[in-house]
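This report describes aromatic ring pairs and nonpolar cores. The sequence and the structure come before the details.

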Amino acid sequence: MERWLAYFANQLSDQEREELAMSEAAIKEAMQAAQKFMNDTAERRSYINRQMAIMDYNSGIRSAREEGEKRGEKRGKCLVLRDLVTDGILPLSAAAQRAGMTEEAFRRETGL
């Protein structure tokens, strides 16, 4: 375990890295695979592109979720205000103002 931690810490000198590879076959194999990957420009670009696509996708999902939450909060607020209007507690103009809309937009949004 300590050898793997040393390998992943990436703080070894070239000589120490070589000694580590000689003492642990699995680490030597990992180092060879990493070197092969770093030398293969097409594979490295493909990996980078995949990672960027994953980050873009996750960002889009996060953004859509946040937008959905905002729309849901706005819709909920409008429905509460609509109920206050239909119950005669709040005038339509005041409800629209509190929702930050024109009366016409408030009517469309709430179905009044």
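Rings of Phe, Tyr and Trp (its six-membered ring) pair if their centres lie within 6.5 Å; planes under 30 degrees apart count as stacked, over 60 as edge-to-face and the rest as tilted. The model is predicted: local features need pLDDT of at least 70, side-chain atom pairs count only at pLDDT 80 or more, and totals for chains, interfaces and linings use all residues. Residues are numbered from 1 along each chain as its sequence is written, and side-chain values use heavy atoms, with hydrogens and water left out.

The structure has 4 aromatic pairs.

| Pair | Centre to centre | Angle between planes |
|---|---|---|
| Tryptophan 4 and tyrosine 7 | 5.9 Å | 85° |
| Phenylalanine 37 and tyrosine 47 | 5.6 Å | 90° |

Helices are DSSP runs (H or I, at least four residues), numbered from the N terminus. Phenylalanine 37 is in helix 3 (residues 25-39) and tyrosine 47 in helix 4, so their pair ties together parts 10 residues apart in sequence. Tryptophan 4 and tyrosine 7 are 3 residues apart in helix 1 (residues 2-9), about one helical turn. Ring pairs also link Trp4, Tyr7 and Phe8 into a cluster.

Buried means under 20% relative accessible area, exposed over 50%, and partly exposed in between (1.4 Å probe, protein chains only). Tyrosine 7 is buried at 17%, while tryptophan 4 is partly exposed at 28%.

A nonpolar core is a set of buried Ala, Val, Leu, Ile, Met, Phe, Trp, Tyr and Cys residues joined through side-chain atoms within 4.5 Å. The largest has 11 residues, among them Cys78, Leu81 and Phe106. Helix 5 gives this core its largest share, 5 residues.

Key
Helices (H or I, at least four residues) and strands (E, at least two) are DSSP runs, numbered from the N terminus.
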